Amino acid sequence: MATLVPLSGSLTLPIHITVGTIKIGRSPKLPTGSKVDADVRVSGVHCAIEGGSWLLQDLSTNGTFCNSTRVGKGQRVSLADGDIISFCFADHARASEEGLPSFRFKIEGSESPKQTPLIEHTPTSAALALTDLPSTSPHLNNDYSSDSI
């Protein structure tokens with residue numbers, strides 16, 4: 001099972017994805033749990049996610065973005081744990097400022113790496129949530145002494 005955790009927009013409850021395809025958009029014909037903002041920039045059926053294969057398909061006019069990269073109308077991309085999906089803007093912080101939906105994709109039971117800073121949605125405002133980032137990286141420890149050459 002996977003979950004779309006709302007970061008901005010009108011949804012406050014997560015969207016759970018198991019099997020089949022879930023469609024997300026502003027159409028009144030969509031189930032309540034996957035219906036988002038009535039903002040006209042959000043398509044009636046903006047995107048779809050296939051359960052199990054975790055493929056995100058852009059069905060929109062104004063764009064669906066995964067980790068700030070436009071998916072492209074009719075195109076699909078594989079989702080990984082921690083991916084950020086935003087509607088209409090590549091930058092999910094901008095989507096949040098505009099009141100448009102953005103989500104963090106979470107695969108249940110997986111260990112997530114440290115997450116990037118996010119704008120978290122609250123009913124009254126958005127607040128910046130920063131994670132603790134390591135001050136050093138083992139990949140930056142380059143020992144170029146003559147013994148190792």
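Strand S9 (residues 84-87) is covered on both faces. Ile84 and Ser86 are buried on one side, and Ile85 and Phe87 are buried on the other. Buried means under 20% relative accessible area, exposed means over 50%, and partly exposed lies in between, with a 1.4 Å probe and protein chains only. Strands are DSSP runs of E with at least two residues, numbered from the N terminus.

This is a predicted model: local features need pLDDT of at least 70, side-chain atom pairs count only at pLDDT 80 or more, and totals for chains, interfaces and linings use all residues. Residues are numbered from 1 along each chain as its sequence is written, and side-chain values use heavy atoms, with hydrogens and water left out.

S9 has pairing partners. Two strands pair if DSSP finds at least two bridges between them. Strand S6 (residues 64-66) pairs with S9 in the antiparallel sense over 3 bridges. Here Cys66 stands opposite Ile85. Strand S10 (residues 102-107) also runs antiparallel to S9, joined by 3 bridges. In that pairing, Ile84 stands opposite Arg104.

Now to Arg26. This residue sits in the loop between strand S3 (21-24) and strand S4 (47-50). Arg26 is partly exposed, at 34% relative accessible area. Its C-alpha atom is 6.6 Å from that of Val45, 19 residues apart along the chain.

| Side chain | Backbone oxygen | Distance |
|---|---|---|
| Arg26 | Asp39 | 3.4 Å |
| Arg26 | Val42 | 2.3 Å |

Key. Helix = DSSP H or I, 4+ residues; strand = E, 2+ residues; numbered from the N terminus. Polar contact = N/O pair within 3.5 Å; in protein donor to acceptor, adjacent residues only side chain to side chain.
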